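Biologist: Could you take me through how the parts of this protein chain pack against each other, one contact at a time?

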Amino acid sequence: MVLESDREKAVELKQTPLHTIHKEMGAKMVPFGGWDMPVQYTGIIQEHLATRSAAGLFDVSHMGEIFVTGNETDVLSFLESVTCNTISGMKAGQVQYNAVVNEAGGLVDDITVYKFSESKYMICSNASNYPAVTKHLETYKKGNVTVIDDSKNWHQIALQGPKADEIFSKYLGKDLSSILYYHFEEMNWKGETIIVSRTGYTGEDGFEIYTSNELGVTLWKELLEIGKEFGLVPVGLGARDTLRLEAKYPLYGHELNAEWTPVESGINFIVKEKLSPYLGYTRIMADKKNGPKRKVVGIRLMEPGVLRENFPIFSSEGKEIGKSTSGTHSPSRKESLGLAILDTEFAKNQMEVFVEIRGQKKLAKVETGAFIQGSVRNNR
């Protein structure tokens, strides 16, 4: 979670508008992606389980908000040329999981795309990547298209968990059932237009809420207060990581990078054929149609130990067949699990493999199905 370069440049770390509040709440702060962020408040396991059973509140205002506007035809053509999912079928008010791809077929970043209208879209990009995404978009834009990185003017918090809807509905004083999974609404709140999307990074139901920086701080305080009776707790990066791993969500720099195609990275479902090829199209579609030589899958340790990233993985015959990309001890399943990139012939459900941990080879099994059944599935 903590980058070596961040440790070396601690004095240069950026701070979210909630930074002072996190410290006042007793959060343990760590460098992450160039930001000084809370890793935990009361404990990773408690925060994780609270999110699974009730609700958790996350400061994600380090994420990037990039707006793409202009002529309807030009904007759509441009976005289709730099992403691997099909944007043309999106409706206003819809959110789409997608990826910005590079010339070699690797990923600049995985993103969510918000469609406001035929001429206005927003891209939510990862904290450490949105400057690179903005630069990439500027490089390839054509026609009447404007790309604006407006991240400094937006605050984002995530309210996640099976009780998130109940909490936020009470707070706003309105029924939110009209916001379907991976959809959003703009609404007036406390004198400004905010964006509320039913999305998240935990596998649970919930919302990502975009506001001004000032209102974001107010929202954080008031949600924690009104959510007390429902079991709402603040959650740091530690539990955010364990939650996303249980949900099998990839993380840039681990399962996703500039070298691997989205098919190799395990997000094959967003790779679509298009009449006008996008960047890296030939390589990406070859992986899609013929199958990649390796791909990211779930993995579960069958012996005592804890999976972490970059552990070598071997076949039962002793051949090295890949490596772990992420790993943790799952608070929900009470076992060690994670993600790994393996030679495709070994990336089969329940295939037995061996993970080398501190010089010892531990039995593990590939798990291609879901690790958990989160409440998000009730809102699809």
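Modeller: Helix 3 passes helix 8 in a right-handed crossing, where right-handed means that the near helix is turned clockwise from the far one by less than a right angle, and helices are DSSP runs (H or I, at least four residues) numbered from the N terminus. This is a predicted model, in which local features need pLDDT of at least 70 and side-chain atom pairs count only at pLDDT 80 or more, while totals for chains, interfaces and linings use all residues. Residues are numbered from 1 along each chain as its sequence is written, and side-chain values use heavy atoms, with hydrogens and water left out.

Biologist: At what angle do helix 3 and helix 8 pack, and which word describes helix 3 relative to helix 8?

Modeller: Helix 3 (residues 44-53) and helix 8 (residues 237-246) have their axes 8 Å apart and pack at an angle of about 50 degrees, the axes being lines fitted to C-alpha atoms over the stretch in contact and the angles running from 0 to 180 degrees between N-to-C directions. Angles under 35 degrees count as roughly parallel, over 145 as roughly antiparallel, 65 to 115 as roughly perpendicular and the rest as oblique. The angle of about 50 degrees therefore makes helix 3, relative to helix 8, oblique.

Biologist: Which residues of helix 8 does helix 3 meet?

Modeller: Contact here means heavy atoms within 4.5 Å. From helix 3 come Ile 44, Glu 47, His 48, Thr 51 and Arg 52, and these meet, in helix 8, Gly 238, Ala 239, Thr 242, Leu 243 and Glu 246.

Biologist: Which residues of domain 1 lose the most area to domain 2?

Modeller: The domain assignment, which comes from an automatic or database source, gives domain 1 (18-61 + 153-246) and domain 2 (293-371). The area buried between them, meaning the accessible area (1.4 Å probe) that two parts lose on being put together, summed over both, is about 750 Å². On the domain 1 side, 68% of what is buried comes together from Thr 242, Leu 245 and Glu 246.

Note on methods
Helix = DSSP H or I, 4+ residues; strand = E, 2+ residues; numbered from the N terminus.
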